[in-house]
Amino acid sequence: MTTNLAVTEPPAPNILVVDDEPANLRLLVEMLKKRGYKPRPVICGELALRAARQLAPDLVLLDINMPDMNGYQVCEHFKADPQLQDIPILFLSAMNSPDDKLKAFQHGAVDFVTKPFFFDEVEARVRTHLELRRQRRELAESYQRLKELEALRDNLTHMIVHDMRTPLFTIELALSFNKPGAKTGTDSSEDNVRDSALKSVGRLKTMTTQMLDISRLEAGQMPLSRHAGDLAQTVRSAMDSIKDAAPQLRYEFDAPEPVPALYDPEVLHRVVCNLVGNAQKFSPPTGEVRVSIRRVDGVARVEVADQGPGIAAAQHDRIFEKFSQVDPTLKKRGAGLGLTFCKLAINTHGGTIGLQSEPGKGSVFWFTLPISEAPALSSAN
């Protein structure tokens, strides 16, 4: 079977041709059309400005001697308009003294061709200035992307430093108890400090592991060890393993068993822990975290629902971006790595991930995995 792939051709360059002589206009328009350009003829400066503001051209061919508004004045209007000032203007004129040419360049022209002209010369200059403009645009876009990356880097640095300060302070406090001559408190207080230090080390370890794994997933260098397993058992095990992080909450699990699927048990365990941990972070003190699995159209859909503040629809796509902060003013913040890891991990499994939420009504994070026909094996973690 032969598949026809449609190739999208780039649009023809849009060239505004301005000349008060109809014969000159017809000649230029015909020649430009034959060379694959899209000419737009106008007979005066006022119409040229109006046409350019309606649809900005890629280049302007401009006569100098015109009634009411000459070419120099038209050029001045272009250069004074922020939307038009970057459009290259090439003068075509019978005025060929050095002063005329100097004046054209002083008003912002990029080139000057003397009438009568050879069209091959005109077309060569048109092609050159269109290419230069394309390159300038690409350079401007690259610069903008570089600025965005620098802003992301600065944001990343701030977030990582912010998130590491608290666990590092706790570790420092624990180590201070072991200094010679340090005043010690009760055994129970020292135990609490040591426990906090261990948790802090765990938080730092989790952050560094997530950063490394995200980089590997993005580069396609994190192979999965997939096995046929019972998805329900793996999800329940992951939820149970993280309950102690917020024992005051209520936990509900609802799923048919077994749910056969092909997946990496360790990676999926971490995905579920991230989603449940996110629900814990934003749930009210006496709230409920509900985890459920159901079969929908040949896939298993896992949902983690919380009773938190909810997330506006405009933020749903951003929530899975690396280092994103839906609301930087919230006290419960993080580097935004957990959900990014979840998205990359689920996508690598061939599944999908998403969010259903609105302000004031909690959030439901969900992901799907293909149901496997292979026998489900034990996959508890």
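**Close-up views of a predicted model**

**View 1. His 129 and its neighbours.** Leaving aside residues up to four places away in sequence, His 129 touches Leu 59, Pro 88, Leu 90, Val 110 and Asp 111 (contact means heavy atoms within 4.5 Å). His 129 sits in helix 5, residues 119-176; helices (H or I, at least four residues) and strands (E, at least two) are DSSP runs, numbered from the N terminus. With 10% relative accessibility, His 129 counts as buried (under 20% relative accessible area, with exposed over 50% and partly exposed in between; 1.4 Å probe, protein chains only).

A word on the model before moving on: it is predicted, so local features need pLDDT of at least 70 and side-chain atom pairs count only at pLDDT 80 or more, while totals for chains, interfaces and linings use all residues. Residues are numbered from 1 along each chain as its sequence is written, and side-chain values use heavy atoms, with hydrogens and water left out.

**View 2. The whole chain, for orientation.** Here you can find nine helices and twelve strands. Of the 381 residues, 42% are buried. Among contacts with a separation of 6 or more, 68% are between residues 24 or more positions apart.

**View 3. Helix 8 against helix 9.** Helix 8 (residues 265-282) packs on helix 9 (residues 338-348) at an angle of about 145 degrees, their axes lying 9 Å apart. Axes are lines fitted to C-alpha atoms, for helices over the stretch in contact, and angles run from 0 to 180 degrees between N-to-C directions. Helix 8 contributes Val 267, Leu 268, Arg 270, Val 271, Asn 274, Leu 275 and Asn 278 to the contact, and helix 9 contributes Gly 338, Leu 339, Phe 341, Cys 342, Ala 345 and Ile 346. By class, these contact residues are nine nonpolar, three polar and one charged (Ala, Val, Leu, Ile, Met, Phe, Trp, Tyr, Cys and Pro count as nonpolar, Asp, Glu, Lys and Arg as charged, and the others, Gly among them, as polar).

View 4. Look for Gly 351 in the loop between helix 9 and strand 11 (352-357). Gly 351 is buried, at a relative accessible area of 10%. Beyond residues up to four places away in sequence, Gly 351 touches Ile 346, Thr 368 and Leu 369. Phe 367 is 16 residues from Gly 351 along the chain, and their C-alpha atoms are separated by 7.0 Å.
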